[in-house]
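Visitor: I'm new to reading structures, and I'd like to take a close look at just one part. Could you walk me through it once it's on the screen?

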Amino acid sequence: MNSLLSIESLELSFELYKRNLKVLNKINLNLFKGEKIAVVGESGSGKSVMLRIILGILNDKNALIQGKVFFDSIDLRTQKQNYMKNYIRGREISMIFQDPMASLNPVFTIRDQITNVIKLKNKNLKKNEVEDIAFEQLKKVSISDVGRVLDSYPFQLSGGMAQRILIIMALMNNPKIVLADEPSTALDVTLQKQALNLMNELANEIQSAMLLVTHNLGVVREFAERVYVIYRGTIVEEGLIDDIFNNPQHPYTIALLEAVPRLTGHGLPKFDPNPPEYEKIKKFSHSSLTKYYEKHS
Amino acid sequence: MFDNILIFWFKFKKNPFSLIGLIIVSIVILITIFAPFITPFPEHAGKVVDFSNMNQPPSNINYFGTDTIGRDVFSRTMFAYRTSFFLSLVVLIIAVPVGVFFGLLGGYFSGLFENVLMRIVDVFLSLPALVLAMVIIGLTENSMTYIMAAISLLWWPWYSRLVYSITKSIKNEDYIAAAKICGASNFHILFFEILPNCLPSVLTKITTDLAFVIMIIAALGFVGLGVQPPIPDLGRMTADGMDLVFDSYWLSLFPGLAILFLVVGFNLLGDGLREAFDLDLR
Amino acid sequence: MKNILKIKNITKEYKIASKKVIALNNISLNVQIGDCLAIVGESGSGKTTLGRLILGLENPTKGTIFYNDKNISAKRNIQNRKDIQVVQQNPLTSLNPKNKISSSISLPLKIHKIVKKESIPEKVIELLNSVGLNKDLANSFPSSLSGGQRQRVAIARAIASNPKIIVLDEPTSALDVLVQAKVLKLLSDIQKNYNLTYLFITHDLGVVRNVSNRVVVLKNGEIVEEGETVEIFQRPKHEYTKNLIRSIPVVSAEEEKIKP
């Protein structure tokens with residue numbers, strides 16, 4: 001299979017007081033060039049920590065990781081931090097985090113922070129060349145007073161503006177993959193729509209693949225082509241967007257969909273007071289995936 | 001509840017230095033309690049002279065040697081621990097409640113009250129403890145009571161500032177608002193909602209402060225103020241031995257080491273407590 | 001139907017760095033007994049400020065709040081405190097981390113003398129059971145509970161004083177969707193069993209559509225639209241309301257179709 005990113009049998013556990021906590025359980029995941037996929041699950045499912053493992057930024061002394069993460073046929077898990085820092089992060093693979101205000105350094109101006117990102121690709125650019133690139137990028141996302149924004153500190157910007165800047169910074173260096181960890185959860189619903197549209201547009205432009213991690217099924221439906229459903233560290237269902245939403249098969253996926261309050265006013269969302277152990281029920285892969293994978297190979 | 005204690009201990013003992021600190025402090029406390037029983041010459045802490053035995057170097061009988069009037073340095077050092085520890089405790093028993101009280105009030109009630117209170121605290125914080133203690137003792141009397149009063153007076157503002165900043169940072173938290181909405185009185189909120197959140201920091205500070213106060217008392221003793229003979233005091237003993245340090249090194253060395261031992265122990269313990277508490281706040 | 005709460009011409013201004021910020025601008029609205037009134041808006045709409053004013057955490061700059069026709073805008077007495085309670089958004093900060101669950105729940109019991117001192121432990125267990133929690137949790141600390149469990153404790157605390165009104169400030173926004181479903185059902189049952197009036201502050205229109213009977217839409221401190229829930233969703237009038245509904249990412253094609 002010719003996938004851009006291929007996670008094979010990824011396992012993660014944490015050494016805690018008196019026991020080991022298993023967080024990821026033999027995760028297998030593929031991402032093809034230019035594809036937009038979503039990994040949907042609730043908190044504690046391990047979805048966010050999986051992204052950190054891909055980039056090698058999981059800083060926990062108690063973490064035990066096994067498995068492989070192939071990017072363009074190189075196992076990132078075996079690479080040194082230097083390689084990850086200089087070649088992968090911010091260049092080949094970038095990440096958009098959840099809270100825009102927490103992702104920007106409060107003591108540096110936007111100009112400083114964008115400059116850092118620009119210089120990742122080309123250390124030798126002169127000051128005015130960097131400024132030109134920064135201007136161009138911000139103008140592209142219809143930020144009107146670019147000069148003022150560049151001069152500002154993060155606290156002077158609104159949440160929506162900050163998120164737009166983060167999205168630009170993530171896509172500026174034409175990464176092959178953009179990882180997004182709940183990128184719109186901290187935003188109002190109208191801003192959320194704008195942010196997702198922006199991500200879509202920019203990613204399409206540069207043919208970047210996107211891996212979106214979220215708990216919001218609505219966002220998944222509007223954004224992704226293919227979905228992985230994860231429960232407590234185990235992938236329980238995989239399918240194309242229509243299959244997942246029109247024909248969910250795994251009891252957990254079905255439970256998730258039933259629990260979403262509907263705009264059509266069907267009353268309080270339903271739930272099972274005695275749910276089965278979802279992770280013990282076998283994973284379901286929709287049949288349409290076979291053709292889909294063939295197409296992408 | 002018991003589980004929480006176990007988890008705290010698990011985190012605490014991860015750092016070997018914290019354990020060393022705990023051991024040292026435990027030894028010091030045991031010495032303080034059992035001094036009369038574990039020292040070979042307990043009476044040497046009082047009015048005793050034995051010129052036949054003066055200036056003896058460390059031996060099997062006198063582990064730390066004897067001083068210029070024949071008293072056993074080891075016994076006196078152990079009793080000196082008692083004195084220092086006792087003085088330090090009294091200072092903190094006075095300073096901590098006063099400091100915490102004002103810190104809570106200053107942090108919770110904003111406006112004029114807060115400003116006046118914290119400016120008073122600022123004044124006290126700007127005065128150097130040792131110098132002021134010397135002045136107060138110099139102006140009044142060279143007795144234990146005045147020493148403790150002087151140092152307490154200087155110590156409470158540090159607790160005020162600590163508790164003030166914690167109070168200010170949590171007074172707008174949801175659970176405080178929830179308590180107000182329930183109808184809780186300010187008294188309840190200050191002492192039953194906010195104070196429990198200050199305790200970890202206060203306890204940690206008390207641990208390191210015990211050592212600090214003992215050092216100040218020793219410094220005072222070193223310059224001749226504070227504890228008067230024949231009551232043994234680590235600072236005094238160190239000072240008295242300075243003149244003879246080349247001939248009778250043991251007179252200064254052992255009391256000095258005793259101070260070092262105690263201070264290092266308390267500091268390590270304090271650091272360890274702070275680490276273990278911090279992780280708890282997750 | 002009687003108006004349990006009347007909010008008349010409320011304005012709330014703040015001075016931030018010598019600039020005047022108007023959080024609420026001349027708001028008026030009425031709440032009837034038994035309502036579940038949804039207060040909807042994005043950040044900066046003033047919905048949180050409105051909640052804080054109703055809860056008596058702050059006083060309005062102008063205007064009056066009437067509870068059962070009595071003016072409560074200035075100071076709250078103990079009876080008012082008893083009658084108006086809160087369930088807050090963040091389960092991580094709504095309970096004092098240093099106090100046991102039983103302390104948090106028994107606080108209103110003690111203040112309002114709901115039961116005799118000896119009966120407090122029993123009452124705490126009764127309250128825990130009514131929110132679907134095991135009595136063993138009474139002696140735990142918040143750090144050993146999950147987000148959903150903590151929210152239930154917050155609900156138990158809110159009903160402990162036998163209140164008449166509960167202000168729910170984004171009570172399920174920080175919860176996973178399955179946990180949210182359970183907590184919403186719990187809130188609905190409790191409203192029925194205890195004859196409560198709810199003020200449900202949220203930005204989640206999907207929740208609003210299914211829990212509330214009336215909606216008020218706030219934008220920049222002003223009411224742009226209000227009415228019965230069904231009306232607002234089927235025939236929204238104001239452009240802002242329409243835009244809000246359009247922006248919701250929905251999970252089914254039929255919901256997509258009913259968007260304005």
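Visitor: Let's zoom in on α6(B): at which residue does α6(B) bend, and which proline follows?

Guide: Happy to, and keep in mind that this is a predicted model. The bend in α6(B) sits at B:Leu153 and comes to about 25 degrees. Now zoom out to the whole helix: α6 of chain B runs over residues 144-170, which is 27 residues. From its first C-alpha to its last, α6(B) reaches 39 Å, close to the 39 Å expected at 1.5 Å a residue.

Stay on chain B and look at where chain B meets chain C. Here 16 residues of chain B are in contact with 22 residues of chain C. Two helices of chain B, α7 (174-182) and α8 (186-222), each supply at least two residues of that side. The most comes from α7(B), which gives eight residues. Sort the chain B side by class and you get nine nonpolar, three polar and four charged residues.

Chain C has another partner to check out, chain A: that contact takes 29 residues from chain C and 28 residues from chain A. On the chain C side, the helices that each supply at least two residues are α6 (177-194), α7 (205-211), α8 (229-234), α9 (239-247) and α10 (253-257).

Terms used
Residues numbered from 1 in each chain as written. Chains lettered and ligands numbered in written order. Predicted model: local features only at pLDDT ≥ 70, side-chain atom pairs only at ≥ 80, totals over all residues. Contact = placed C-beta atoms within 7 Å. Helix = DSSP H or I, 4+ residues; strand = E, 2+ residues; numbered from the N terminus. Expected span 1.5 Å × (residues − 1). Bend = angle between axes of the 7 residues up to and from the residue. Nonpolar A, V, L, I, M, F, W, Y, C, P; charged D, E, K, R; others polar.
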